[in-house]
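Visitor: I am new to this structure. Please take me to one part of it and describe closely how its pieces sit together.

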Amino acid sequence: MSSTPIFKTHETYTPEGEFDYVNSRESVRRSPFPFPDDEYMYSMNLEPHVPTGEGALRAEFDIDEHYVSECRHRAQMLEDMPGVHYAALPHMLEAQWDLLEVIFEAYARDYPEHFTLTKNGNEWHWVNRLLEIDDTFTFGDPSTLPMDPMEYATRQAQGEFIVLEEKDNDLIIGAGMATERADYSLRFNLGMHFYEFHGPVPKLHEMGILDRALKFLLRMKPGHPVRRVNWSLTVNPRLETSVETLPDWAPDRATVTEENAGESVYLRIELQPLHRLPRSNAVVFPVRTYLISLAELVEHAPDWAKRMHRALASLDHELVDYKGFHRYHEHAVNCLAKYDDGAPLATGYPWLEGGIQPGE
């Protein structure tokens with residue numbers, strides 16, 4: 001990582017009073033900007049998940065300056081709505097231990113200044129200095145942890161985690177930690193098959209993307225993760241915009257104007273590094289979320305703001321409806337148009353050689 005972030009501890013992602021969330025210049029410019037071209041259409045855009053650059057793709061599971069505040073937000077959401085944000089089918093315990101090991105090993109390897117994992121056979125010692133956790137437990141024995149292994153591990157991780165069980169050449173949602181959901185319900189989706197939970201995305205079936213994606217995921221091997229980047233827009237820095245909390249966040253969409261869109265509309269980037277778990281053979285689908293306001297994009301990454309203007313302006317209307325921002329799509333486009341001089345921009349993702357860079 002190019003520099004050690006200063007971790008923010010008391011940001012708010014729900015408006016108890018007012019939102020309190022801001023990105024540093026470094027936080028914006030290290031994010032996995034999702035628009036490689038001036039026009040955008042949904043695709044799976046899978047690539048090997050290998051260390052790349054000094055930003056969000058440097059580590060297997062990225063952490064940034066919002067790590068502590070996001071973990072605290074997760075703990076509060078789990079307390080406020082028990083049984084809504086975390087769920088696991090009973091037979092998924094082996095996959096839970098798998099996931100714990102993958103996360104803890106990655107954190108200890110990629111951020112040794114913050115995390116330490118010591119193994120003595122099945123007796124493990126885990127230290128998380130950022131959250132002041134120092135625990136010993138027996139790997140494989142859930143009685144030695146204060147909660148499920150998956151819940152214990154993902155309470156200490158940024159992003160949400162969905163674990164998919166492979167069965168009869170299909171992938172089925174078997175467990176999830178989801179306090180950063182975008183327009184879906186974990187309780188409703190638990191037990192769903194691959195085509196069921198991806199079904200609402202426009203044109204995926206006609207384009208054959210779902211068939212290709214499922215075949216690819218079923219061929220994944222342990223130790224060879226892949227990644228993709230997805231995105232949406234949201235109003236205000238809300239990590240949690242689920243079906244269950246819709247009355248809380250849906251009215252925000254009617255408050256956006258062209259004048260306030262810069263401060264109120266956020267680009268929501270989802271980095272998804274998928275892993276095949278070694279013991280259970282399950283596939284873990286993490287969604288690591290980055291929130292950047294349009295104003296922050298304009299200030300800290302002006303070329304990205306130009307590219308985003310062009311991508312939003314050219315969006316298929318069905319995709320705008322599916323992503324849920326049709327009410328303020330035009331305001332976001334008009335807000336960014338003021339900063340787009342029409343100059344040609346590089347194509348390709350920022351982490352690829354020759355891809356679009358943030359600009360100065």
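Guide: A crossing is left-handed if the near helix is turned anticlockwise from the far one by less than a right angle, and right-handed if clockwise. With that in mind, look at H12 and H14, which pass one another in a left-handed crossing. H12 covers residues 302–313 and H14 covers residues 329–337, helices being DSSP runs (H or I) of at least four residues and strands runs (E) of at least two. This is a predicted model, in which local features need pLDDT of at least 70 and side-chain atom pairs 80 or more, while totals for chains, interfaces and linings use all residues. Numbering starts from 1 along each chain, and side-chain values use heavy atoms, without hydrogens or water.

The axes of H12 and H14 come within 9 Å and cross at roughly 145° (lines fitted to C-alpha atoms over the stretch in contact, with angles from 0 to 180 degrees between N-to-C directions). From H12, the contact (heavy atoms within 4.5 Å) draws on Ala305, Met308, His309, Leu312 and Ala313. H14 brings His329, Ala332, Val333, Leu336 and Ala337 to it. Sorted by class, this contact of H12 with H14 holds 8 nonpolar and 2 polar residues, and no charged ones (Ala, Val, Leu, Ile, Met, Phe, Trp, Tyr, Cys and Pro are nonpolar, Asp, Glu, Lys and Arg charged, the others polar).

Now follow Ala332 to another residue. Leaving aside neighbours within four places in sequence, Ala261 touches Ala332, along with Val256, Leu294, His331 and Cys335. Ala261 belongs to helix H10, residues 261–264. Because its relative accessible area is 0%, Ala261 is buried (under 20%, with over 50% exposed and partly exposed in between; 1.4 Å probe, protein chains only). Glu196 lies 65 residues from Ala261 along the chain, and their C-alpha atoms are 34 Å apart.

To place this in its setting, turn to the open sheet, where 7 strands run in the order S1-S8-S9-S10-S6-S7-S2 with antiparallel pairing (a pair needs at least two DSSP bridges). S1 (47–48) and S2 are at the edges with a single partner strand each, so one side of each has no neighbour in the sheet. Helix H3 (residues 93–110) packs on this sheet, touching S2, S6 (160–167), S9 and S10 (283–293). The direction of H3 makes about 135° with that of S6.

Elsewhere in the sheet, S8 (residues 226–235) and S9 (residues 265–276) pair in the antiparallel sense over 10 bridges, and Val235 stands opposite Val265 in S9.
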